[in-house]
Amino acid sequence: MLLINCPFCGERNETEYVYGGPVSADRPDPTAVNDDEWIDYLTMVPNPVGPTHERWWHAKGCGDWFTLWRDTATHDIVKGPKK
Amino acid sequence: MQKYSIFSLARNALSGHKNWTRAWKSPPLRDRYEVIIIGAGGHGLATAYYLAKEHGITDVAVLDRGWLGGGNIARNTVTIRSNYLRDESIPFYVKSVSLFEGLTKELNFNMMHSKRTMIDVVHNYPKMRELRRRQLTMDIYNSTYDNISTEEVRRRVPALTGGGPGSRLPVIGGMVHTDAGVNRHDAVAWGYARAADSHGVEMHEQTPVLSLIRGSDGAISGVQTSRGVVHAKKVVVAVSGHTTTLTETAGLRLPLRTMNLTAFVSEPVKPLVDVIVNCPDLGFYFSQSDKGEMVIGGAPDSGQSFRRDIKQHVFEDTVGAMLELFPSFKKLKLLRQWGGHLDITHDASPIMDETDVPGLFVTAGWWGGYKAIPAGGLTLAHHVATGRPHPLMEKFTVKRFKNLDFIMETGTTTAR
């Protein structure tokens with residue numbers, strides 16, 4: 001079980017949270033991109049063996065949505081790359 | 001191929017079991033083959049076998065990073081069935097079930113195939129409507145599915161004593177799928193490997209493929225393994241969860257996410273449940289093996305995972321739901337637990353196709369791919385050999401995503 005750090009409530013059990021999907025690219029302007037780029041946005045998800053960026057919802061707590069980086073090989077919550 | 005029979009068993013017993021020939025040989029790895037198949041699991045070995053048997057292509061090497069049959073074919077729950085939703089899926093799985101039923105004879109290897117009905121125990125009306133809809137589509141393709149009452153569910157599964165009207169999870173009815181069955185997963189891998197070997201196919205274990213190599217024309221030209229470069233004009237990727245890890249080395253992105261699915265078995269007990277019980281609303285299913293163990297499958301972890309183990313709370317949720325319906329299982333000891341990582345596509349249907357990289361074939365997105373092994377191997381071998389997709393799998397292209405022509409499938413156990 002993961003111990004997830006909610007920005008508002010602090011560390012809580014994973015069972016209090018709902019996984020909200022991967023953080024993928026921002027939604028492009030459909031009129032500004034070509035079909036391939038649009039399909040890419042709709043269907044492609046980063047699938048690394050290693051740190052991945054994802055959304056979580058503190059559904060049984062404060063209700064906050066936030067993102068974290070989690071390693072898909074170890075399940076450790078890790079620091080994301082510096083922007 | 002040495003024929004296995006009661007006579008060969010008797011003959012070898014008399015000679016102290018010292019004269020059995022090896023089920024498959026271990027020839028040295030050459031640097032060039034006509035076809036390379038990455039992954040000596042169910043789909044990889046079946047593809048190799050049908051390439052050799054149906055199309056006479058025997059210059060084939062099957063490479064595996066570990067040992068033969070040690071990946072997801074050793075990590076599933078051996079459920080064979082064809083109760084799917086889509087017109088594209090049902091005929092494919094009907095074919096697979098029928099091939100499974102003849103596999104013992106075809107491969108001269110005892111699959112311990114045990115045909116047994118699958119019963120869906122349903123808890124809510126939207127799910128019941130979805131299953132009734134499946135039934136209507138399945139009727140078209142000669143797959144059996146029938147609606148039964150709660151009383152009939154309880155008559156057929158006497159161990160189902162929970163889920164009464166006043167309980168937390170009342171049962172409202174069920175569905176019966178008489179085509180389902182279970183068999184022995186190791187036998188499937190070993191049977192296909194032995195038969196492929198007899199046609200001249202080579203199996204190379206402990207040979208991890210590190211990357212795919214493309215030629216100057218962009219087509220696939222071989223693979224880089226830990227034992228050197230091996231060339232081939234056609235490469236098949238049949239590696240389950242690690243598909244994108246490999247294809248990305250050739251610059252190919254696929255709409256796949258890798259997830260981890262839970263399974264565990266109990267200690268062996270006397271015969272108690274003679275069907276496969278599936279509870280689609282609760283996310284668990286089980287059958288009793290020939291040894292008497294309850295083989296139980298659960299839900300996936302939330303989020304992507306390559307970890308191949310199970311999370312305690314996913315395990316507890318599954319057991320909790322199971323005990324609501326089967327209180328007598330409370331005293332069962334659980335012996336083993338494991339996870340398997342598999343990739344799922346955007347629409348929960350598989351991808352079996354030649355990709356944008358010429359010569360690179362992918363069979364992936366199998367969420368419950370065990371039941372698909374014979375038909376998956378047969379149809380992919382057809383595509384690799386002839387260059388044209390087999391009619392049963394032509395809809396499972398990678399191009400369907402480009403056309404937004406999704407095959408949204410609900411027949412996968414946990415794709416809810």
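Guide: The model is predicted, so local features need pLDDT of at least 70 and side-chain atom pairs count only at pLDDT 80 or more, while totals for chains, interfaces and linings use all residues. Residues are numbered from 1 along each chain as its sequence is written, chains are lettered from A and ligands numbered from 1 in the order in which they are written, and side-chain values use heavy atoms, with hydrogens and water left out.

Visitor: How many residues does the contact take from chain B and from chain A?

Guide: Contact here means heavy atoms within 4.5 Å. By that criterion, the contact takes 23 residues from chain B and 24 residues from chain A.

Visitor: What area is buried between chain B and chain A, and which residues of chain B lose the most?

Guide: Buried area is the accessible area (1.4 Å probe) that two parts lose on being put together, summed over both. Between chain B and chain A this area is about 2100 Å², with 56% given by carbon and sulfur atoms. On the side of chain B, 29% of what is buried comes from the three residues that lose the most area to chain A: B:Q304, B:F306 and B:H313.

Visitor: How many residue pairs are in polar contact between chain B and chain A, and which element of chain B gives the most to the side that touches chain A?

Guide: A polar contact is a pair of N or O atoms within 3.5 Å; within protein, one must be able to donate a hydrogen and the other to accept it, and residues adjacent in sequence count only if both atoms are side-chain atoms. The count between chain B and chain A is 11 residue pairs, both residues being at pLDDT 80 or more. At least two residues of the touching side of chain B come from each of α8 (243–247) and β14 (256–266), helices (H or I, at least four residues) and strands (E, at least two) being DSSP runs numbered from the N terminus. The element that gives the most, with three residues, is β14(B).

Visitor: Which residue of chain B meets A:E14 in a salt bridge?

Guide: A salt bridge is a side-chain nitrogen of Lys or Arg within 4 Å of a carboxyl oxygen of Asp or Glu. Two salt bridges are counted between chain B and chain A. In one with an N to O distance of 2.9 Å, the side chain of A:E14 meets that of B:K311.

Visitor: How many residues apart in sequence are the parts tied together by B:K53 and B:E106?

Guide: The side chains of B:K53 and B:E106 meet in a salt bridge at 3.2 Å, N to O. B:K53 lies in helix α2 (residues 42–55) and B:E106 in helix α4 (residues 103–107) of chain B, so the parts tied together are 53 residues apart.

Visitor: Is B:E293, which meets B:K291 in a salt bridge, buried or exposed?

Guide: The side chains of B:K291 and B:E293 meet at 3.9 Å, N to O. Buried means under 20% relative accessible area, exposed over 50% and partly exposed in between (1.4 Å probe, protein chains only). B:K291, at 61%, therefore counts as exposed. With a relative accessible area of 8%, B:E293 is buried.
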